Amino acid sequence: MGYETKDNWLNGGYADGQGVKAQFNEPSGLALGPNGELYIADTGNRRIRVLSSQGEVTTLAGFGTTMIDNTSYIKGGFKDGLGSEARFNFPSGIAVSAAGTVYVADTYNHCLREINTEGVVTTIAGNGVHGKQNGFLEQAQFDGPFAIIPNRDGNLLIIDQLNNSVRFLEWHP
Amino acid sequence: MLSNEKDLSCFVGNILIFIQMFFVPKGVSAAQPTVKLSSVKGDVFLKRGGGLREFPATDGMELVQGDWLRTAKTGTAKLSYEDGTEATLGSSSYLNIQRLTTNDTVGVSAHRQARVTSWNDGHQSSVELWSGSVWNKVESLVNVDDRISMKLRPQPQ
């Protein structure tokens, strides 16, 4: 609620809060956590948000307030670290393990990110350069990873969109 | 043995061409990336930062990683880099800014389905042309360690 319409387009916004007080900005990913909370890839805000089972929306990770000129989108960036300091660039796909670890397909950083249960963001695969390279985590390259899902064994399947591929990441955290 | 022009064309079209040329720069500082639109003519549209909304493109717009640039049948536009490099996007084209890390990108190439990649001072910037055409003009090359890489993809048959 409270979104502004400009040029016949409903612009997204950014606000944490209870229920309809919260705002999102072209969210594109959704995952259910082990305790019933919903994790949301809030793409246009370059953030990962959480909707609790009580209806409260908070920001789990992502920072940045500079807007792309003449848009409602926040500029992307790249930074690992505490959730409140971490930067994403078009986070789109999101998944949550049974242990509560959140995985993010960070599309325009061309990499996969992890948010641990302490809220710390790290990069788990992809060196930031777009390409298609299999190998060890630091060697792997993606081109616009867009969706991510763990399989039964905890390994990760990734839609590598601009490579027109499904990639498989052996992952034993 | 390639017996005629068609064979030659087919042969060339199915080979991944990699051309690497070595030029000059070293010690070039990695400044903030700056690529702006100029000479926008006709219908040209821009999706910003990977977002869904398409905006009319205008001269002076600064491009960011994740932008998608589209020209209609009547549209053309130039991408102007700070170092004087220009890339002209032809009509009916679709181009994605995949990576933008320095301001001194040297784009090269291409025609349909070309990936334009360049490096400078250890950084990489690149755009990918999904359809249409782009022409690049290199205005300034700084020193011999500059590298320009051009990759042409074969057309789907």
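Chain A has an open sheet of three strands, in the order β13-β14-β15, with antiparallel pairing. This is a predicted model, where local features need pLDDT of at least 70, side-chain atom pairs count only at pLDDT 80 or more, and totals for chains, interfaces and linings use all residues. Residues are numbered from 1 along each chain as its sequence is written, while chains are lettered from A and ligands numbered from 1 in the order in which they are written.

Reader: What makes β13 and β15 of chain A edge strands?

Author: Each of them, β13 (145-150) and β15 (165-169), pairs on one side only. A strand here is a DSSP run of E with at least two residues, numbered from the N terminus.

Reader: How do you know that β13(A) is joined to β14(A)?

Author: Two strands pair if DSSP finds at least two bridges between them. β13(A) and β14 (residues 156-160) have five bridges and run antiparallel, so they pair. Across them, Ile148(A) stands opposite Ile158(A).

Reader: Why is Thr71(B) called buried?

Author: Buried means 20 or more other C-beta atoms within 10 Å of the residue's own (exposed is 12 or fewer, partly exposed in between), with C-beta atoms placed from the backbone. Thr71(B) has 25, so it's buried. You'll find Thr71(B) in strand β5 (residues 68-71) of chain B.

Notes
Helix = DSSP H or I, 4+ residues; strand = E, 2+ residues; numbered from the N terminus.
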